[in-house]
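Here is a friendly walk through one protein model, with an eye on its charged side-chain pairs and on one helix. Have the sequence and the 3D view open as you read.

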Amino acid sequence: VRAAGGRVSEREMRGWSASAVAQQEQFLARLAAVGARIAPEYRYTRVVNGFSARLDPTSAALLDGDREVTGIYPVRIAYPAQAAGAEGGVLPSAVADLEIAGLDGSGVTVALLDTGVDPSHPYLRQRVLAGVDVINPGSGGIAQPHPTIPGRPERHGTELAGIIAGTEGPDGLHGIAPGASIMPVRVGGWQPNAEGGYSVYSRTDQLIAGLEAAVDPNDDGDVLDAARITLIGMVEPYASFAD
């Protein structure tokens, strides 16, 4: 963008995105020709140029030694952030009192990378926009129920959305920016765990895919519709810092 003078057209941005995809395809074809077996699960072209994939030792070695590869990073697990000592979703008073005088977030879209959000919650009114589901595309970022246990929906994204843009709560409780709009990007939620059941978590490759969605929500290659603010509600290790 700087090289183009600071302003570019939608057509130019879409061309750059298409070029990045084409270069990735050429790269994967070249690696396949020398014996690498790579099937990307997530592809990235807006935030970084890369992909995530399960790799066997041979494929990992071929990637690691390739001149075009900047780095290979392990996929890690991230969990919903929790304040130390928080019980039953009660907000610490320091969080409940946060606000910026004269500013309420009106006209600002916040991409919330977390579990799904419940748009019907009365505390959120009409603050929730159509979102993106990175884990199971098609849900629009709505909070999902436990796959096998009724009555156990994802809650963390809805709670964090309330901290951001909630309004008309009990005793005047409201979020930090009650005029803002929330675009839920579901990067975490009920997923299979090592014990054969389900747990709420995210993976770092899903987080990057969520950032891609925040930058280009309609996935058309240009970023003029990017969210102004992106907030990630997932952390690693399990507990977040005290502040």
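The text below takes up the salt bridges and then a helix.

A word on the ground rules: this is a predicted model, in which local features need pLDDT of at least 70 and side-chain atom pairs count only at pLDDT 80 or more, while totals for chains, interfaces and linings use all residues. Residues are numbered from 1 along each chain as its sequence is written, and side-chain values use heavy atoms, with hydrogens and water left out.

**Salt bridges**

The structure holds 15 salt bridges, each being a side-chain nitrogen of Lys or Arg within 4 Å of a carboxyl oxygen of Asp or Glu.

| Pair | N to O distance |
|---|---|
| R14 and D220 | 3.0 Å |
| R43 and E25 | 3.2 Å |
| D66 and R30 | 2.7 Å |

Let's start with R14 and D220, whose side chains meet in a salt bridge. This pair links distant parts of the chain, 206 residues apart: R14 sits in helix α1 (residues 10–33), and D220 in the loop between α5 (204–215) and β9 (229–232). Helices here are DSSP runs of H or I with at least four residues, and strands are runs of E with at least two, numbered from the N terminus. R14 has a relative accessibility of 36% and counts as partly exposed; D220, at 27%, is partly exposed too. For these labels, buried means under 20% relative accessible area, exposed means over 50%, and partly exposed lies in between (1.4 Å probe, protein chains only). R14 and D220 also belong to a network of salt bridges that includes E10 and D222.

Next come R43 and E25, joined by their own salt bridge. R43 belongs to strand β1 (residues 42–44) and E25 to helix α1, 18 residues apart. R43 is partly exposed at 32%, and E25 is partly exposed at 42%.

The side chains of D66 and R30 form another salt bridge. D66 lies in the loop between α2 (57–64) and β3 (77–80) while R30 is in helix α1, so this pair ties together parts that are 36 residues apart in sequence. D66 is buried, at 11% relative accessibility, whereas R30 is partly exposed at 28%.

**A covered helix**

How many of the ten residues of helix α4 are buried? The count is eight, so helix α4 (residues 156–165) is mostly covered. Among the buried residues are H156, L160 and I164. Their cover includes β3, β4 (109–114), β6 (181–186) and β9.

Terms used: Contact means heavy atoms within 4.5 Å.
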